Each structure stands twice: as C-alpha cells, then as structure tokens.
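Please have the sequence and the coordinates open side by side while you read my notes.

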Amino acid sequence: MAALAVIAAAHAQIGAPYIHDPSTLAECDGKWYTFGTGGGGIISDDGWTWHSGADRPGGGAAPDMMKIGDRYLCIYGATGGGLFGGHNGRILTMWNKTLDPKSPDFKWSTAIEVASSDGMEDCDAIDPCLLLDPTTGRLWATYGTYFGNIRLIELDPKTGERVKGNVEKDVAIDCEASALMYRDGWYYLLGTHGTCCDGVNSTYNIVVGRSRSVEGPYLDNVGRDMFHGGGRMVIAAGDRATGAGHFGSTVINEGVEVMSFHWEADFDMGGRSVLAVRPLLWKNGWPYAGERFRGGTYAVLSERRGYSLEMAVDFVRMQQERQRWGDRNQMQQPPKPIANQKLEDVISTWPDANTPVAVRCSDYMFRPHQLWTFTPVEEAGGYLSAPYFKITIAGTDRALTATADKELATVAYSGAKEQLWRVEQLTDGTYRIMPYAIPGQPGKNQKYCLYSAGDSTPTLAEYDFKSDNSKWNLKKD
C-alpha cells in the first residue's frame with residue numbers, strides 16, 4: 001500500500017481522482033470541486049486528495065463551472081460529440097447558490113438552452129467553456145468539436161441566457177474541449193488536439209493561440225490562425241500518462257496559477273482517466289505547463305541575490321594539495337579529482353540535532369549544510385498540485401522549522417505543522433515556499449513565505465510576487 005501511495009503521489013492527485021472532461025476547478029466553502037462527463041464529479045478538502053460526491057444533474061458531457069457574484073454558473077453539452085450516433089447537440093446553462101450537495105441552499109435552476117447544432121452543420125454543440133472578461137464584464141462561451149468549427153457566443157452574466165441578437169462566430173478548427181483565458185491585454189484560446197477516448201493510445205494534447213480581441217483571430221507563436229489549424233503546444237503526454245485534455249485555469253494568488261486537465265490514461269493508475277493539476281507558467285506571453293514538484297535534494301537559492309539557504313554552522317575548510325600556478329611541470333601531470341565534502345566530514349562539528357540552529361544565506365559551495373532534501377509527507381494532506389513537504393538537511397533529520405517570531409531554524413523533525421512546507425512553482429518559474437503553520441498564529445498559514453529580507457538574512461514575511469525577496473530557485477547538484 002505504501003508503494004502504491006508513492007506511485008499515486010508521483011503521477012496524479014490522490015484518493016479517487018477519476019474523472020473525464022473535468023470542469024475548471026471551483027472553490028466553495030474551502031473545498032474544491034470539478035465536474036465531468038456523465039454527471040457528478042469529485043471533491044477535495046485540500047486540493048490534493050479527491051473523492052466522489054459532487055452533484056450535477058442533466059448528464060451530458062464536458063461541463064464548465066464558474067462563480068459569478070455569489071452564484072455558480074454551470075454550462076454543459078447535452079448529447080453531441082457523436083454520442084448516440086449523432087452530432088445534434090445542445091448547450092445548456094444552470095445556476096446554484098452552492099456546490100455543496102449537503103447544504104440546504106443546494107438546488108440547481110432549470111437548465112436553459114443557449115446554443116445547438118442540427119447534426120448537419122459545420123459545428124457540434126458540445127464541450128463548452130466560460131470566460132468572464134475582466135476588462136468589460138461580458139460573458140463569453142466557446143463550444144465545438146472536430147466535427148466542425150469551434151464557435152464563440154455571448155451570454156448574459158446575470159441570467160446565463162444567450163444575449164439577444166448574438167450571432168455565433170467561428171474561431172477555430174481541428175480541436176475540441178476549448179477554453180478561454182485573459183491576461184495582460186491578450187485573449188487566449190486553448191483547444192484539445194489529437195485523438196480522444198482510446199485509453200493508453202489517446203494522443204490528446206492541449207494547444208493555444210492568442211488575440212487582442214475575444215472574437216479573434218487567434219494566432220499561434222509562428223502566426224498560424226487557429227481557424228486554419230494553428231496552435232502552440234501547452235502540454236502533451238509524459239510522466240507515464242497520455243491524453244492531456246480539457247484545460248482549466250485557476251489563480252491562487254498573484255503569480256501563483258495552476259492548470260487542471262485530465263489524462264486520458266495514467267499508466268500507474270491502471271490506464272484510468274484522472275484529474276491532473278500542474279503549475280501554469282508564462283514565458284514571453286505564452287502559457288505552458290510546469291512540472292509538479294515531487295521533492296528531492298536541492299540547493300535553495302534566493303532570487304534576490306543567488307545566495308544559498310544554509311544551516312548557520314561553522315564553515316569547515318577542505319584540505320587540498322596545492323600546486324603553484326606558475327609551475328609549468330603540472331601540465332605533464334594528470335589531475336587528481338577531489339571528492340565533494342561529505343556529511344560525515346562535518347557533522348561532528350554541528351550541535352546536537354535537538355538543539356535549534358539558525359538559518360542564513362551565503363555563497364553556494366555545494367557543502368552539506370547547504371543541501372536540502374524535500375520529502376512528501378502524504379499523511380499531512382496537501383494543496384492544489386502537491387502534498388506538503390518536510391525540508392531537511394540532506395542525510396539528516398534536521399528540519400527547516402518556522403518559529404513563533406516568524407524566523408527560521410533547523411531542529412530534529414517531529415512532524416509539527418511548522419515543519420511542513422508548501423512548495424509552489426510561480427508563473428515565472430521560481431518557487432514560493434510557505435510553512436503549513438506558524439506557532440502562535442491561528443489556523444493554516446496563507447500569508448507568510450520564506451523571504452530574503454537581506455542578501456544573507458532569510459526570514460518569514462508576507463508573500464509579494466512583485467518582490468524577488470519572495471522567490472527561490474531549486475538547483476539539483
């Protein structure tokens with residue numbers, strides 16, 4: 001069972017993350033929800049461990065979900081997509097005050113039709129998504145499959161109905177399961193390309209184009225129009241999983257974003273279709289999938305200066321047989337490699353593991369007091385994309401620990417919440433490192449992160465994406 005847990009942690013969300021065509025992740029009363037084809041969906045208390053129980057009537061396929069004001073709007077496709085032998089589909093919307101099926105306020109409104117296809121036209125009304133334009137407040141939806149074009153329509157954000165007189169517009173071909181995003185003056189259209197619903201042989205992958213107008217044209221990185229088959233890759237198969245499809249984006253904080261999707265087949269989960277959550281990164285104005293952090297041994301380097309996070313112990317000099325720089329005879333002698341300084345070379349000079357030792361930053365020298373092992377602690381739960389980690393000096397149980405005065409120390413690992421850390425890749429590729437809890441502070445820490453207050457002075461301070469003090473790089477060595 002332990003081995004299975006490690007496999008699950010390496011490749012997917014854990015628990016029962018089984019879903020196909022997941023909607024964009026939606027938060028309701030501290031829990032995360034996503035809904036899939038066929039009705040229903042899955043729920044997570046922390047964003048990491050999932051279980052069944054989400055309720056969506058109407059069946060059909062590929063819903064999307066969005067909170068507008070104090071209500072949740074659901075859009076989904078009824079039939080279409082070649083289901084039951086046809087492409088005559090319908091797109092429907094409905095509302096709910098809550099996503100919690102146990103709440104007394106849980107009641108879906110009567111679904112209303114906002115678009116359809118007759119099975120003969122160049123569109124298939126299925127696989128819808130939603131975008132509430134942050135610049136105008138207008139609500140847009142796209143839908144469609146390989147059977148024809150991807151279409152854009154406008155909805156009323158107060159009623160969920162089609163805007164009166166709105167005429168659909170074709171914006172892409174050769175994809176399905178489309179999604180829309182807005183960022184920094186650009187609208188992004190994402191589509192799922194490749195073959196669906198063939199398990200381990202599915203070639204699904206997610207591509208993107210962008211436009212200055214929500215109505216397009218959507219061009220990729222080399223200028224190809226998505227209406228003529230263009231699209232830049234966002235994520236394809238990898239990590240023993242294939243069939244990446246049905247993109248959704250979630251902003252956690254400024255600079256902290258994730259993308260959700262399904263793998264058509266996760267090899268380590270028996271080839272099942274499962275929910276996946278990855279960091280969403282941006283480079284030169286284009287989105288791409290980051291790697292979910294799994295742990296390992298790293299140097300932790302500040303973005304502020306590039307100095308290394310280290311345990312504050314005496315620097316132990318290494319012995320070296322020195323040769324004079326001007327001695328040309330050394331050209332005739334083969335070099336003798338020097339071994340790295342080892343833990344056993346220095347650990348006797350360190351205080352006892354139960355004695356707290358401060359933390360500082362200094363020049364990186366790949367020494368034992370500068371190497372940190374990140375180990376997932378499955379039983380501690382997690383957050384969107386990963387479990388919590390303990391961070392220890394490599395080869396020891398001396399754990400990075402948050403103190404009551406919002407400082408840092410290393411002391412023997414006890415499993416205390418102030419020794420558990422949330423490690424998230426930011427949109428620029430750096431990392432935010434946050435303690436689960438701070439002694440004396442109520443509840444789960446959502447504010448303070450590992451922070452470089454000075455070139456050599458790490459501390460805990462409020463996260464600020466605009467400041468390099470909040471950002472760290474992890475270097476394998």
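1. A word on the basis first. This is a predicted model, in which local features need pLDDT of at least 70 and side-chain atom pairs count only at pLDDT 80 or more, while totals for chains, interfaces and linings use all residues. Residues are numbered from 1 along each chain as its sequence is written, and side-chain values use heavy atoms, with hydrogens and water left out.

2. Let's start with strand E8, residues 90–96; strands here are DSSP runs of at least two residues, numbered from the N terminus. Six of its seven residues are buried, so E8 is largely enclosed by the rest of the structure. Buried means under 20% relative accessible area with a 1.4 Å probe, counting protein chains only.

3. E8 has partners to look at in E7 and E9. Strand E7 (residues 71–78) runs antiparallel to E8, and seven bridges join them. With strand E9 (residues 112–116), E8 pairs in the antiparallel sense over four bridges. Two strands pair if DSSP finds at least two bridges between them. Ile91 stands opposite Ala115 in E9, and Tyr72 has Asn96 of E8 as its bridge partner.

4. Leaving aside neighbours within four places in sequence, Asn96 is in contact (heavy atoms within 4.5 Å) with Arg71, Tyr72, Asp105, Phe106, Lys107 and Trp108.

5. Next, an open sheet: four strands in the order E10-E11-E12-E13, paired antiparallel. Strands E10 (129–132) and E13 (169–172) stand at the edges with a single partner strand each, so one side of each has no neighbour in the sheet. E10 is joined to strand E11 (residues 139–143) by four bridges, and the two run antiparallel. Leu132 stands opposite Leu139 in E11.

6. Which residues touch the most other members of the largest nonpolar core? They are Leu309 and Phe374, in a core of 38 residues. Another core, of 37 residues, lies apart from it and includes Trp186, Tyr188, Trp263 and Met269. A nonpolar core is a set of buried Ala, Val, Leu, Ile, Met, Phe, Trp, Tyr and Cys residues joined through side-chain atoms within 4.5 Å. Not counting residues up to four places away in sequence, Leu309 touches residues including Val300, Val359, Trp372, Leu400 and Trp472.

7. Finally, the aromatics: a search of the whole structure finds 14 aromatic pairs. Rings of Phe, Tyr and Trp (its six-membered ring) pair if their centres lie within 6.5 Å, and planes over 60 degrees apart count as edge-to-face. Tyr188 and Trp282 are edge-to-face, at 5.0 Å centre to centre and 70 degrees between the planes. Tyr188 lies in strand E15 (residues 186–193) and Trp282 in strand E20 (residues 272–283), 94 residues apart. Tyr188 is buried at 1%, and Trp282 is buried at 10%.

8. Phe293 and Phe374 form another edge-to-face pair, at 5.4 Å and 85 degrees. Phe293 is in the loop between strands E21 (286–289) and E22 (296–302), and Phe374 is in strand E25 (residues 372–376), so the pair ties together parts 81 residues apart in sequence. Phe293 is buried at 6% and Phe374 at 2%.

Methods. Buried < 20%, exposed > 50% of the residue type's maximum accessible area, 1.4 Å probe, protein only. Phe/Tyr/Trp six-rings, centres within 6.5 Å; stacked < 30°, edge-to-face > 60°.
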